[in-house]
Amino acid sequence: MRKAIIAGNWKMNKTMAETKAMITELAPLVSGADCDVVLCVPFTDLAAAKKAARGTNIKIGAENVHWAEKGAFTGEVSAAMLKELKVDYVIIGHSERRQYFGETDETVNKRVQAALAAKLKPIVCVGETETEREEGLTEKVLEKQLIEGLKGFKSKDFDKIVIAYEPVWAIGTGKTATAKDANETIGYIRKVLAKKFHKSIAEKTRIQYGGSMNTKNCKELMAEEEIDGGLIGGASLKAEDFAFIVNYNK
Ligand code: PEP
């Protein structure tokens, strides 16, 4: 059985002091969670987050990683740098990276390779825009993102890779895919994994839903068979709300 994974994506929010305060408040609220609990935080907060999460069940992730080992890439951070901080997870290919920073399926693939080589667990984001959805292109877009973004990875890599299905039109907008729609689309992602990779990979890979998941809709979304967790933006910034989502089955 696939273990659920609820991950927060803080984006460009919280200072180090705020990180420490939030994790200190959150830790006792999520200590009995049955799922994996992850907070993906800005690079500048990683050390503080690791320190605050020590001895708790909260794992820490970064929000991006570069594919090169080192070199002239101003503003970027390597997998080795994250590994030295003992970071566990890293978000790759978030739609905001694709939209504002030119991320492509090819760069997603290179970043996933670098993350896996450093034994980091990548959370790979895929999802269609509103226009693509309206034009009936959702499946085509997802298939391309999956095939090109995950090209070359073997079965054992999928023990670490988590996929986040995030319809771009639902991120930060308050619009959520219905639980039924999200379940169906994640089912489609599994079909692509089975067809292009292997049936066993489709069965074991954890696939989250992301896009305005919150305290009101998390139970319904998490009750769906294909949905193995959530990638949570806005609602991960308040300890009480994030804890509620983490404890969706209590
Ligand atoms: C996200 O940033 O991955 C996300 C899903 O954001 P929100 O929950 O705010 O829609």
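1. Helices (H or I, at least four residues) and strands (E, at least two) are DSSP runs, numbered from the N terminus. On that basis the protein has 11 helices and eight strands. Its radius of gyration, taken over C-alpha atoms, is 17 Å, close to the 18 Å that the globule rule (2.2 Å times the number of residues to the power 0.38) gives for 250 residues, so the protein is as compact as a globular protein of that length. The C-alpha trace spans about 45 × 45 × 35 Å along its principal axes.

2. This is a predicted model: local features need pLDDT of at least 70, side-chain atom pairs count only at pLDDT 80 or more, and totals for chains, interfaces and linings use all residues. Residues are numbered from 1 along each chain as its sequence is written, and side-chain values use heavy atoms, with hydrogens and water left out.

3. Now the polar contacts (pairs of N or O atoms within 3.5 Å). A backbone N or O atom of G172 lies 2.6 Å from a ligand oxygen. Polar side-chain atoms also reach ligand oxygens: K11 at 2.7 Å and H94 at 2.9 Å. The protein covers 95% of the 290 Å² of accessible area (Shrake-Rupley method, 1.4 Å probe) that the ligand has on its own.

Terms used: A polar contact is a pair of N or O atoms within 3.5 Å; within protein, one must be able to donate a hydrogen and the other to accept it, and residues adjacent in sequence count only if both atoms are side-chain atoms.
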